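Thanks for making time for this.

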Amino acid sequence: MGKLAEKMWRSCLRKKAYRSKRIAEKVAADIKQERGVTLYVYGCPLCGKWHLTKKERGQYGNQRNI
């Protein structure tokens, strides 16, 4: 496994994974309302689930502002 793939897997394993985009968007909206922190939802190409990130645009390019 290359260094980039290793880094991506470690990142994926550290993050909470949501089984649907809708659930991830709801969690992101709740966090924004409670803490004022904007999070973005993206589909993970490694695990096939959905993660949250603080980065507006990542290498996957499919994040959505909540």
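Let me start with Thr38, which is found in the loop between α2 and β1, where helices (H or I, at least four residues) and strands (E, at least two) are DSSP runs, numbered from the N terminus. At 26% relative accessibility, Thr38 counts as partly exposed; in the terms used here, buried means under 20% relative accessible area, exposed over 50%, and partly exposed in between, with a 1.4 Å probe and protein chains only. The side chain of Thr38 makes a polar contact of 3.4 Å with the side chain of Lys32. A polar contact is a pair of N or O atoms within 3.5 Å; within protein, one must be able to donate a hydrogen and the other to accept it, and residues adjacent in sequence count only if both atoms are side-chain atoms. Thr38 and Lys54 are 16 residues apart in sequence, yet their C-alpha atoms lie 6.8 Å apart in space.

Before going further, a word on the source: this is a predicted model, in which local features need pLDDT of at least 70 and side-chain atom pairs count only at pLDDT 80 or more, while totals for chains, interfaces and linings use all residues. Residues are numbered from 1 along each chain as its sequence is written, and side-chain values use heavy atoms, with hydrogens and water left out.

How confident is the predictor, then, in the protein as a whole? The mean pLDDT is 87, and 86% of the residues reach 70 or more, pLDDT being the predictor's confidence in each residue, from 0 to 100. Confidence is highest in α2, at 98, and lowest in strand β3 (residues 64-65), at a mean of 53. Where pLDDT is low, the predicted coordinates should not be read in detail.

Turning to the overall layout, the protein has two helices and three strands, and from the N terminus on these elements run α-α-β-β-β. Of the 66 residues in the protein, 27% are buried.

Strand β1 (residues 40-43) and strand β2 (residues 50-53) run antiparallel and are joined by four bridges; two strands pair if DSSP finds at least two bridges between them. They form a hairpin with six residues between the strands, and Gly48 in the turn has a positive phi of about 80°. Gly43 stands opposite Trp50 in β2. Tyr42, in strand β1, is buried at 4% relative accessibility, and its side chain is joined to that of Lys15 by a polar contact of 2.9 Å. Thr53 has its place in strand β2 and is likewise buried, with a relative accessible area of 11%. Tyr42 and Thr53 are eleven residues apart in sequence and 7.8 Å apart from C-alpha to C-alpha. A polar atom of the Thr53 side chain also lies 3.2 Å from the backbone nitrogen of Lys55.

Which residues make up the largest nonpolar core? There are seven: Tyr18, Ala24, Ala28, Ile31, Leu39, Val41 and Leu52. Helix α2 (residues 21-35) gives the most to this core, with three residues.

Next, the charged pairs. The structure holds two salt bridges, each defined as a side-chain nitrogen of Lys or Arg within 4 Å of a carboxyl oxygen of Asp or Glu. In one, Asp30 and Lys26 meet at 2.8 Å, N to O; these two residues are four apart in helix α2, about one helical turn, and Asp30 is partly exposed at 28% relative accessibility. In the other, the closest N and O atoms of Arg10 and Glu6 are 3.5 Å apart, and both residues lie in helix α1 (residues 3-14), again four residues apart. Arg10 is partly exposed at 45%, as is Glu6 at 37%.

Finally, the cysteines. The structure holds zero disulfides, taking a disulfide as a pair of cysteine sulfur atoms within 2.5 Å. Cys12 is in no disulfide, and the nearest cysteine sulfur, that of Cys47, is 3.7 Å away. Cys12 is buried, with a relative accessible area of 8%.

Notes
Core = buried A, V, L, I, M, F, W, Y, C linked by side-chain atoms within 4.5 Å.
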